[in-house]
Amino acid sequence: MALLAVIAFSSFVLLKKEKPVFYIIGDSTVRNGDGTGKGNLWGWGSFIAGYFDTSAIDVQNHAIGGRSSRTFITEGRWDKILATLKKGDYVIMQFGHNDGGPLDDTARARGSIKGIGNESKEIYNPIMKKQEVVYTYGFYMRKYIHDARAKGAIAIVCSPIPRNNWKEDKVVRSGESYSGWAEQIAKEEGAYFINLNDLIATKYEQMGAEAVKPFFPGDHTHTDINGAKLNAQIVIEQLKKINPGELKKFMK
């Protein structure tokens, strides 16, 4: 009996270890603040777990406000995920909103070099108080994909959600910059891609500017609970459509 108990316990531990994880990484449009809706602001990542059977897959939202594709790495946040990332896991990522800032300002020093090339620039980082070589947005996005793949995980790239900016009854898209660069990197690397920028912008246009306005209580970037839920629903619809790996079987 004791031997059977040990075998049963060992099997339980093994099964628990093998439970896949759906990791979410990004900025404040993915998880705002501590993810509890303070200031009536929410990111879409806070509503993803409800679409999954969490007894079969863990959903972990590691997105954090103010981070760029660069600083999520340089602060060691990506390394912490890599320490537990394993074969059969998933990583969905959305960066770009904070990548356009300065490379070495004293306030944040979070920008990346524009584009997807191999350019780099050595700077003194006044926040980290050390020299740093800064690369392009595309370089960092490639790193996420390569690192995930090296661990046997599946990478899903999202273009940044659109801001509440309109021009002639159309939402301004970022197809010529971060949205387009995210798509290009995903295609070049053979990663899954969700064009959130265009999909959400199209939905906004169907609703109209006045109906969308309440989604943005503070500025033109951060959504309230209804805006975040709408964005999450679009993410889920696309995940079901592209079905990366065997993800669909874990979804409700």
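The axes of helix 6 (residues 196-207) and helix 8 (residues 225-242) come within 10 Å of each other and cross at roughly 125 degrees. Helix 6 and helix 8 therefore count as oblique, a class left over once angles under 35 degrees are called roughly parallel, those over 145 roughly antiparallel and those from 65 to 115 roughly perpendicular. The model is predicted: local features need pLDDT of at least 70, side-chain atom pairs count only at pLDDT 80 or more, and totals for chains, interfaces and linings use all residues. Residues are numbered from 1 along each chain as its sequence is written, and side-chain values use heavy atoms, with hydrogens and water left out.

**Helix packing**

- Two packed helices are described by the angle between their axes and the distance between the axes.
- Axes here are lines fitted to C-alpha atoms, for helices over the stretch in contact, with angles from 0 to 180 degrees between N-to-C directions; helices (H or I, at least four residues) and strands (E, at least two) are DSSP runs numbered from the N terminus.
- The crossing of helix 6 and helix 8 is right-handed, a term for the near helix being turned clockwise from the far one by less than a right angle, anticlockwise being left-handed.
- On helix 6, the contact (heavy atoms within 4.5 Å) is made by L196, L199, I200, K203, Y204 and M207; helix 8 contributes L230, N231, I234, V235 and Q238.
- Helix 4 and helix 5 pack with their axes 10 Å apart, at an angle of about 40 degrees, and their crossing is right-handed.
- The residues in contact are Y137, G138, M141, R142, I145, H146 and R149 of helix 4, together with Y178, W181, A182, I185, E188 and E189 of helix 5.

**Aromatic pairs**

- The whole structure contains 14 aromatic pairs, that is, rings of Phe, Tyr and Trp (its six-membered ring) with centres within 6.5 Å; planes under 30 degrees apart count as stacked, over 60 as edge-to-face and the rest as tilted.
- W78 and Y144 form an edge-to-face pair, at 5.0 Å centre to centre and 80 degrees between the planes.
- This pair links distant parts of the chain, with W78 in helix 3 (residues 77-82) and Y144 in helix 4 (residues 137-150), 66 residues apart.
- Both W78 and Y144 are buried, where buried means under 20% relative accessible area, exposed over 50% and partly exposed in between (1.4 Å probe, protein chains only).
- The rings of Y137 and Y178 are also edge-to-face, because their planes stand at 85 degrees, with centres 5.1 Å apart.
- The latter pair likewise joins distant parts of the chain: Y137 belongs to helix 4 and Y178 to helix 5 (residues 178-189), 41 residues apart.
- Y137 is buried at a relative accessible area of 0%, and Y178 is buried at 11%.
- Ring pairs connect F72, W78, F95 and Y144 into a cluster.

**Loop between strand 1 and strand 2**

- G43 is located in the loop between strand 1 (21-26) and strand 2 (58-61), and its relative accessibility of 0% makes it buried.
- Not counting residues up to four places away in sequence, G43 touches S28, T29, V30, R31, N32 and A228.
- The C-alpha atoms of G43 and R108 are separated by 21 Å, the two residues being 65 apart along the chain.
- F52 is found in the loop between strand 1 and strand 2 and is buried at 1% relative accessibility.
- Apart from neighbours within four places in sequence, F52 is in contact with F22, I57, V59, I236, L247, F250, M251 and K252.
- F52 and Y90, 38 residues apart along the chain, have C-alpha atoms separated by 13 Å.

**Positive phi values**

- Most residues other than glycine have a negative phi.
- N40, a residue other than glycine, has a positive phi near 60 degrees; N40 lies in the loop between strand 1 and strand 2 and is partly exposed at 39%.
- K129, not a glycine either, has a positive phi of about 55 degrees.
- K129 lies in the loop between strand 4 (120-125) and strand 5 (130-135) and is exposed, with a relative accessible area of 62%.

**Surroundings of N164**

- N164 sits in the loop between strand 6 (154-158) and strand 7 (166-167) and is buried, with a relative accessible area of 18%.
- The side chains of N164 and W166 make a polar contact at 2.7 Å; such a contact is a pair of N or O atoms within 3.5 Å, where within protein one must be able to donate a hydrogen and the other to accept it, and residues adjacent in sequence count only if both atoms are side-chain atoms.
- Not counting residues up to four places away in sequence, N164 touches V212, K213, F216 and H220.
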